[in-house]
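Q: Could we go through the charged residues of this structure together? Please begin with the terms.

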Amino acid sequence: MNWDNWHKGFRTEPPKYRPVAVVDIGSNSVRLVVYDGLRRSPSPIFNEKILCGLGRGVATKGKLAEEGIARAIAALKRFRALARQIGAKHVYAVATAAAREASNGPQFIAKAEKALGCDIKILTGKEEARYAALGVIAGIPGADGVAGDLGGGSLELIDIKDGKLRDGVTLPLGPLRLMDLSGGSIDKAREIIDETFARTDILKLLKGRTFYAVGGTWRNLAKLHMAQSHYPLHVLHCYRLTKPQAMSLSGLVANLSPSSLKDIREVSKSRSDTMPFGALVLERLLDHCQPAAVEISVYGVREGMLFSKLPGRKRNSDALLSSCWDFARRYARSPEHELELCDWTDQLFGPGKLPETDEQRRLRYAACLLADIGWRAHPDYRAERSLSMISQAAFVGVDHPGRVFLALTVFYRYDGDGEDGDGLNRLLEDEVHQRAHLIASMFRLAYILSAAMPGMLPNISLKLGENKTLILRLPRKLADLAGERVEKRLAGLAAEIGRTGKLIVGR
């Protein structure tokens, strides 16, 4: 990234509300998601799905079930009304495996387009794989591995490297299809899966890399693992399981009955029938290759399709920083001040100063953009509010340790001596946790100097001095800003890096 121009094109006015809708007609569910706009990191503002089971029976009978069609048409009529009510001027609709394979698929699509009031694109297997992989790239820009999108009727696999899409394949291994072909037998389904994977060369590319799991079935598996391990951060995107963890969990769920799964709170009751077969697909996939880990992507076909419609400049922008900038524009007292804070904190990092990697700089800038989002809350609750807002935000482009670093940095900015009550500390290495305290101490000093208003920080120097000092220099015109609180905050910041604070006015 060119750090000299990283925020070029950022606009300070609040982001405009231009909702865009995506309708996804899958083999198991029909879903409407409305996003706040066609942007680098769109936020869903409405999300509804209806389990229609369109693909149930297609593998054995070759046709979409009439009951499923009726449910889908009713859902699409409702989605049309909802999209209109929300104000979505653009509705992008796609249909996947069931509609493209069933003999009565064209007739269904004709009815569906009339019900929805717009064209519906029937995706080929390759198109479905491509959009799913684009979704993974949009949400996990550094993805290196194979993306797997498990729908009700098919499994799409595609290789991703350096932001580029490579080989892809569509396999007839969706849970609904497996239930049909196996007659509901897990043992028979295992044979079908193993025979298919044995001739799937793309799995060889997974050795030592990450498998990016896309789809509701696998998200439910991750939720179950979070509950089992008492994981403190309930965010599915970028949740990682080691291969042994994923093998153990998927093997366990594959052998559970639907009735027993219905009693598990973390598992969607509507998926209890298909969960064992979806878990079996993952367990057999991992057995056929040697990935380093499984990582959940909440971005898939829908987000990939929107991502493909962005101009190149927006596609290449940083997903995390774009999201954090949107937060600053919505919630900070002065977005311009947050950009100045990025530059002001630059004074302590870089060659000849405190060491910092590119990723650490990126997270520092993200923290600067988020530093003032809790100001409207009661002072006693600003720390906790910021912690929950950031840790639970629909950010992408950041892993779980990075997300926790951001949340704790802003938490400590409001409560320097506070204790994290959510148990998030255990997700960070000690040195990362110390860095969160350091950046927070810089924020605490900056805000009592600037009062969150732009135009002040560029005039105030902060640098590492001789004899283990940290020098804060105020120009003479800002001399009246000096005082006890400034000296105390400077001393606290200096202590974080083993130095002594020194305040100089003028000169």
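A: Buried means under 20% relative accessible area, exposed means over 50%, and partly exposed lies in between (1.4 Å probe, protein chains only). This is a predicted model, in which local features need pLDDT of at least 70 and side-chain atom pairs count only at pLDDT 80 or more, while totals for chains, interfaces and linings use all residues. Residues are numbered from 1 along each chain as its sequence is written, and side-chain values use heavy atoms, with hydrogens and water left out.

Q: Is Glu-384 buried, exposed or partly exposed?

A: Glu-384 counts as partly exposed because its relative accessibility is 36%. Glu-384 is in helix α17 (residues 382-391); helices are DSSP runs of H or I with at least four residues, strands are runs of E with at least two, and both are numbered from the N terminus.

Q: Which residues form the negative surface patch?

A: Glu-384, Asp-415, Asp-417, Glu-419 and Asp-422 form it. Patches take residues with over 30% relative accessible area and no salt bridge, and like charges are joined within 9 Å. Asp and Glu count as negative and Lys and Arg as positive, with His and the chain ends not counted.

Q: Which residues gather in the positive one?

A: Arg-11, Lys-16, Arg-18, Arg-313 and Lys-314 gather there on the surface. Arg-18 sits in the segment before β1 (20-25) and counts as exposed, at 56% relative accessibility.

Q: Now salt bridges: how many does the count come to?

A: The count comes to 28 salt bridges, where a side-chain nitrogen of Lys or Arg must be within 4 Å of a carboxyl oxygen of Asp or Glu.

Q: Which residue does Arg-177 pair with?

A: Arg-177 forms a salt bridge with Glu-101, and their closest N and O atoms are 2.3 Å apart. Arg-177 lies in helix α6 (residues 175-182) and Glu-101 in helix α3 (residues 97-101), so the pair ties together parts 76 residues apart in sequence. Arg-177 is buried, with a relative accessible area of 12%, whereas Glu-101 is partly exposed at 37%.

Q: And what is the partner of Arg-362?

A: Arg-362 forms a salt bridge with Asp-318, with the closest N and O atoms 2.6 Å apart. Both Arg-362 and Asp-318 are buried.

Definitions and conventions
Patches are made of residues with over 30% relative accessible area and no salt bridge: like charges are joined within 9 Å, nonpolar side chains (Val, Leu, Ile, Met, Phe, Trp, Tyr) within 5 Å. Accessible areas come from the Shrake-Rupley method with a 1.4 Å probe; for residues, only the protein chains shown count as cover. The place of a charge is taken as NZ of Lys, CZ of Arg, CG of Asp or CD of Glu.
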